[in-house]
Amino acid sequence: MSELLAFTDGACSGNPGPGGWGVLLQARDGETIVKERELSGGEALTTNNRMELLAAISALESLSRPSEITIITDSAYVKNGVTGWIHGWKKNGWKTAAKKPVKNEELWKRLDAVQARHQVVWKWVKGHAGHTENERADALARSGMAPFK
């Protein structure tokens with residue numbers, strides 16, 4: 001049985017500014033890549049955190065059926081948000097512990113909804129540290145940003 005992985009990244013030129021997101025999807029049988037797919041997109045005026053979220057959302061929304069997937073991100077914001085903070089935000093009516101509105105609430109809700117269809121394991125990797133697939137996701141994010149620069 002193959003393992004499904006999504007390497008996700010976001011990029012922004014200025015924050016806010018033009019931004020892009022990228023996803024490298026791989027189905028692997030052990031170390032062998034069985035199938036691979038690249039996704040990317042961008043926006044004219046956005047933030048890096050929004051692009052990181054959209055990369056993860058896009059990876060999950062691209063799946064045609066409920067799946068077991070590991071998402072590897074270099075965004076502590078996304079990983080910590082989706083595995084920890086989101087539970088409190090939902091309990092508190094989408095307010096932070098400081099009673100302030102959650103930033104990017106609509107994207108967090110979208111991620112929460114699409115994640116519910118799948119069995120997702122979240123992993124963090126250090127960005128710009130020579131991790132081959134993370135570097136490819138970064139290149140895809142930069143290509144998604146290119147039309148808006």
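Predicted model: local features only at pLDDT ≥ 70, side-chain atom pairs only at ≥ 80, totals over all residues.
In helix α3 (residues 105–115), the buried residues are Leu-107, Trp-108, Leu-111, Asp-112, Val-114 and Gln-115. The cover over these buried residues of α3 includes α1 (48–61), α2 (76–91) and β5.

**Overall fold**

The protein chain contains four helices and five strands. Read from the N terminus, its elements follow the order β-β-β-α-β-α-α-β-α. The radius of gyration of the protein chain is 15 Å, close to the 15 Å that the globule rule gives for 149 residues, so the chain is as compact as a globular protein of that length. Along the principal axes, the C-alpha atoms occupy a box of roughly 45 × 35 × 30 Å. Of the 149 residues in the protein chain, 47% are buried. Among contacts between residues at least 6 apart in sequence, 66% join residues at least 24 apart.

**The sheet and the helices across it**

The five strands make up an open sheet with mixed pairing, in the order β3-β2-β1-β4-β5. Strands β3 (32–46) and β5 form the edges, each pairing on one side only. From one strand to the next, the twist averages 20°.

| Strands | Sense | Bridges | Residue pair |
|---|---|---|---|
| β1 and β4 | parallel | four bridges | Ala-6 and Ile-71 |

Strand β4 (residues 68–73) has five of its six residues buried, so β4 is largely enclosed by the rest of the structure. Helix α1 lies across β1, β2, β3, β4 and β5, and its direction makes an angle of about 155° with β1. Helix α2 lies across β4 and β5, running at about 140° to β5.

**The nonpolar cores**

In soluble globular proteins, nonpolar side chains tend to be buried together. In this model, the largest nonpolar core has 29 residues. Those with the most contacts inside this core are Val-23, Leu-60, Ile-69, Trp-108, Leu-111 and Trp-122. Two or more residues of the core come from each of β2 (17–29), α1, β4, α2, α3 and β5. Helix α1 gives the most, with eight residues. Apart from this core lies another, of seven residues, which include Leu-5, Phe-7, Ile-72 and Leu-140.

Trp-108 and Leu-111 are among the buried residues of α3.

**Trp-108 and the aromatic residues**

Beyond its neighbours within four places in sequence, Trp-108 is in contact with Leu-53, Tyr-77, Val-78, Gly-81, Val-82, Ile-86, Trp-89, Trp-94, Val-102 and Lys-103. Trp-108 also belongs to one aromatic cluster together with Tyr-77, Trp-85, Trp-89 and Trp-94.

Across the whole structure, a search finds five aromatic pairs. One of them joins Trp-89 and Trp-94, a tilted pair with 6.5 Å centre to centre and 40° between the planes. Residues count as buried under 20% relative accessible area. Trp-89, with a relative accessible area of 10%, is therefore buried, and Trp-94, at 12% relative accessibility, counts as buried as well.

**Local features of the backbone**

A cis peptide bond, with omega about 15°, joins Asn-15 and Pro-16. Pro-16 is located in the loop between β1 and β2.

The loop between α2 and α3 holds Lys-99 and also Asn-104. Lys-99 is a residue other than glycine with a positive phi, near 65°. Asn-104, likewise not a glycine, has a positive phi of about 65°. As for accessibility, Lys-99 is exposed, with a relative accessible area of 61%, whereas Asn-104 is buried, with a relative accessible area of 13%.

Technical notes:
Residues numbered from 1 in each chain as written. Heavy atoms only, no water. Buried < 20%, exposed > 50% of the residue type's maximum accessible area, 1.4 Å probe, protein only. Pairing = 2+ DSSP bridges. Contact = heavy atoms within 4.5 Å. Phe/Tyr/Trp six-rings, centres within 6.5 Å; stacked < 30°, edge-to-face > 60°. Core = buried A, V, L, I, M, F, W, Y, C linked by side-chain atoms within 4.5 Å. Axes fitted to C-alpha atoms, helices over the stretch in contact; angles between N-to-C directions. Rg over C-alpha atoms; globule rule 2.2 N^0.38 Å.
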